[in-house]
Amino acid sequence: MIKKLWPYTRGYRKWMLSGVLCSAAEAVFELLLPLVMADIVDTGIPAGDTSYILQRGALMVLMALVSMGLGVGAAFLSSRAGQGFGANLRQAQYSHIQEFSFRNIEKFSTASLVTRLTNDCNMMQMTVTMGMRLLVRAPVMLVSALVLAVAISAKLSGVFLVALPLLLVMIALVVKFISPMFSQLQEATDGVNLAVQENLSAIRVVKSFVREDYEEEKFQKRNHQLRNISEKAFGFVVVNMPIMMLITYGTIIAVMWYGAPLVQSGELEVGLLSTFFTYITQVLMSLMMVSMIMMMLTRSVACAKRIVEVLDEVPEIVDGGGSLTVSDGSVDFDHVFFKYNEGAEKWNLHDISLHIPSGATAGIIGATGSAKSTLVQLIPRLYEAQEGTVRVGGRPVQDYSMEHLRDAVSVVLQKNTLFSGTIRDNLLWGDANATDGEIEAACEAACAAEFIHRMPDGYNTDLGQGGVNVSGGQKQRLCIARAILKKPKVLILDDSTSAVDTATDAKIRAAFRTQLPNTTKIIIAQRIISIMDADIIIVMDDGRIAGTGTHDELMKSSEIYRDVFLSQQEGVSADA
């Protein structure tokens with residue numbers, strides 16, 4: 001685990017080394033202070049030598065100030081290193097997630113990825129911050145104090161032979177039982193985050209179906225699960241401390257019991273006995289710190305495993321690289337097979353062979369679940385076909401870099417997504433360097449200009465989070481305008497005009513013909529009227545192509561197409 005995470009300390013290793021040295025030096029100075037105090041008690045006070053006492057006292061003050069300075073320095077350096085390590089880890093995960101295909105992302109829930117980027121990374125940076133001090137300070141204090149205690153009195157040090165094994169057994173038991181609980185704790189945190197995310201992202205649906213009580217009950221269940229696991233996990237921590245303290249104070253009492261006769265017999269001086277008490281306390285406290293470190297590391301290991309899972313996830317779709325650019329908008333499917341689940345017996349797309357000429361308008365229609373969206377998502381490599389070849393511009397899509405391919409293929413998906421910011425900010429996603437004239441032309445083509453001009457701030461109108469300030473139809477038209485701004489070779493509309501009226505739909509299609517004559521337009525639609533004038537219409541049925549041709553040709557040759565058309569015509573007649 002350390003080997004995998006070590007590269008992310010790059011840029012902060014000098015801070016880590018400096019912090020470790022400061023922590024070690026701080027511990028050494030703290031250990032030397034009791035010896036100076038013992039010298040004052042055993043030499044200066046009995047001799048009544050005031051100057052000697054003041055000299056040694058000044059030395060103690062100086063040592064204390066140096067120790068304090070080293071402690072402040074260690075805290076600053078460890079904090080700097082920990083925060084930097086956490087930032088590197090978050091950035092590495094986020095950058096790697098950007099390379100994931102849809103299938104990779106689906107392997108982890110969104111809530112889990114958020115937890116790994118926030119909660120888990122916070123735990124790792126806290127481990128580095130605290131660990132740099134405790135992992136150095138505790139062992140240095142433990143070993144050094146133990147050696148000095150033995151040097152003062154080998155007899156009294158025999159007490160450690162009983163106390164140390166008891167403390168080590170306690171630490172081992174805590175680590176053994178608490179380790180699986182921390183893994184469960186992180187999973188329970190995922191569950192709470194998932195409930196919150198789903199509720200807030202779908203708050204309109206929740207309220208429209210009056211399901212607030214159900215959502216609250218669902219959250220309460222997951223929240224109680226998190227609480228119960230937390231109580232079990234940290235219950236061990238609560239029990240651990242009193243037992244540790246009992247052993248510590250029991251050891252101190254034992255040292256008093258056996259040390260007093262040694263002082264009376266003259267084998268041990270009073271100052272050295274008090275120093276021995278200091279060292280034995282430091283040894284036992286260091287062991288308690290080790291116990292805390294082990295619990296912290298146990299939780300950190302659980303978090304680190306989850307982070308490494310993300311970092312080790314191999315993107316299913318690898319960037320082809322190279323400098324090839326898409327020459328034209330022709331699209332070809334050559335005996336393509338695809339399924340979402342590798343272990344599934346049935347193909348979602350079965351033996352798809354298709355040619356769409358550059359600049360043509362292609363319509364795709366079919367029943368729900370017929371794999372219409374799946375088909376078009378293979379073109380920009382949002383998913384990868386398991387068998388067969390998908391070509392754009394006459395070349396397999398794998399020959400292009402992701403940047404060049406997706407710059408040439410503009411997709412407006414079923415779920416229209418806008419981001420917080422102004423209308424202009426969202427449109428510039430299509431082309432960051434677009435001029436006002438180009439933005440206006442794209443909005444005219446998408447029939448969005450008409451409602452944008454009615455808004456008080458026009459293109460500078462703030463859309464709010466996710467475009468909450470516009471209707472579904474307006475959101476669709478803004479997404480289409482954004483896609484047009486890319487000036488793509490291939491424009492894919494995945495049922496992207498379902499929320500606009502038929503008149504606006506017709507205007508958008510007319511604008512495509514006049515303003516995008518050389519762009520290949522692929523339109524998925526539920527309404528046949530939206531694709532009747534297409535150059536080629538593809539009828540999908542259960543993952544297969546059930547027919548291709550123009551409207552007139554399919555009315556004669558495709559029973560599926562004819563049935564859909566007649567049923568929609570009957571619906572129109574009934575409405576009339």
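User: What makes residues of the lining of the second largest pocket nonpolar, polar or charged, and how many are there by class?

Analyst: Ala, Val, Leu, Ile, Met, Phe, Trp, Tyr, Cys and Pro count as nonpolar, Asp, Glu, Lys and Arg as charged, and the others, Gly among them, as polar. By class, this lining holds 15 nonpolar, four polar and no charged residues. The model is predicted, so local features need pLDDT of at least 70 and side-chain atom pairs pLDDT 80 or more, while totals for chains, interfaces and linings use all residues. Residues are numbered from 1 along each chain as its sequence is written, and side-chain values use heavy atoms, without hydrogens and water.

User: What volume does the second largest pocket have, and which residues are closest to its centre?

Analyst: The volume, meaning the space filled by probe spheres set on grid points joined across faces, edges and corners, is about 520 Å³. Of the 19 lining residues, Ile 2, Thr 127, Val 128, Leu 135 and Leu 297 are the closest to the centre. Two or more lining residues come from each of helix 1 (2–5), helix 2, helix 5 (110–152) and helix 9 (270–312). Helix 5 gives the largest share, seven residues. Helices (H or I, at least four residues) and strands (E, at least two) are DSSP runs numbered from the N terminus.

User: What makes a space a cavity and not a pocket?

Analyst: On a 1 Å grid over the protein atoms alone, a cavity is a set of points where a 1.4 Å probe fits but cannot get out; a pocket is an open set with protein on both sides within 12 Å along at least five of seven lines, and lining residues have an atom within 4 Å of a point. Two cavities of 30 Å³ or more are counted here.

User: Which elements each supply at least two residues of the lining of the largest cavity?

Analyst: They are helix 16 (502–515) and strand 8 (520–524). The largest share, four residues, comes from helix 16. The lining includes Asp 505, Arg 509, Phe 512 and Ile 523. It divides into six nonpolar, three polar and two charged residues.

User: How do you know that Trp 15 and Phe 76 form an aromatic pair, and what does the pair tie together?

Analyst: Rings of Phe, Tyr and Trp (its six-membered ring) pair if their centres lie within 6.5 Å; planes under 30 degrees apart are stacked, over 60 edge-to-face, and the rest tilted. Seven aromatic pairs are counted. Trp 15 and Phe 76 are 6.3 Å apart centre to centre with 75° between the planes, and the pair is edge-to-face. Trp 15 lies in helix 2 (residues 13–47) and Phe 76 in helix 3 (residues 50–98), so the pair ties together parts 61 residues apart in sequence.

User: What makes the charged end of Arg 80 sit over the ring of Trp 15?

Analyst: The rule asks for NZ of Lys or CZ of Arg within 6 Å of the ring centre and within 35 degrees of the ring normal. The charged end of Arg 80 meets it, at 4.3 Å from the centre of the Trp 15 ring. Lys 339 likewise lies over the face of Trp 347, at 4.5 Å from the ring centre.

User: Why is strand 9 called largely enclosed?

Analyst: Buried means under 20% relative accessible area, exposed over 50%, and partly exposed in between (1.4 Å probe, protein chains only). Five of the six residues of strand 9 (residues 536–541) are buried, so the rest of the structure largely encloses this strand. Leu 382 is also buried, with a relative accessible area of 14%. Leu 382 belongs to the loop between helix 10 (372–377) and strand 4.

User: How do you know that strand 9 and strand 10 pair?

Analyst: Two strands pair if DSSP finds at least two bridges between them. Five bridges join strand 9 to strand 10 (residues 544–549), and the two run antiparallel. Val 539 stands opposite Gly 547 in strand 10. In this hairpin, with two residues between the strands, Asp 542 takes a positive phi near 55°. Strand 9 also pairs with strand 3 (residues 361–366), in the parallel sense over five bridges.

User: Which strands stand at the edges of the open sheet of four strands?

Analyst: The order of this antiparallel sheet is 2-1-4-5. Strand 2 (349–356) and strand 5 (395–396) each have a single partner strand, so one side of each lacks a neighbour in the sheet. The pairing of strand 5 with strand 4 (residues 387–392) is antiparallel, over two bridges.
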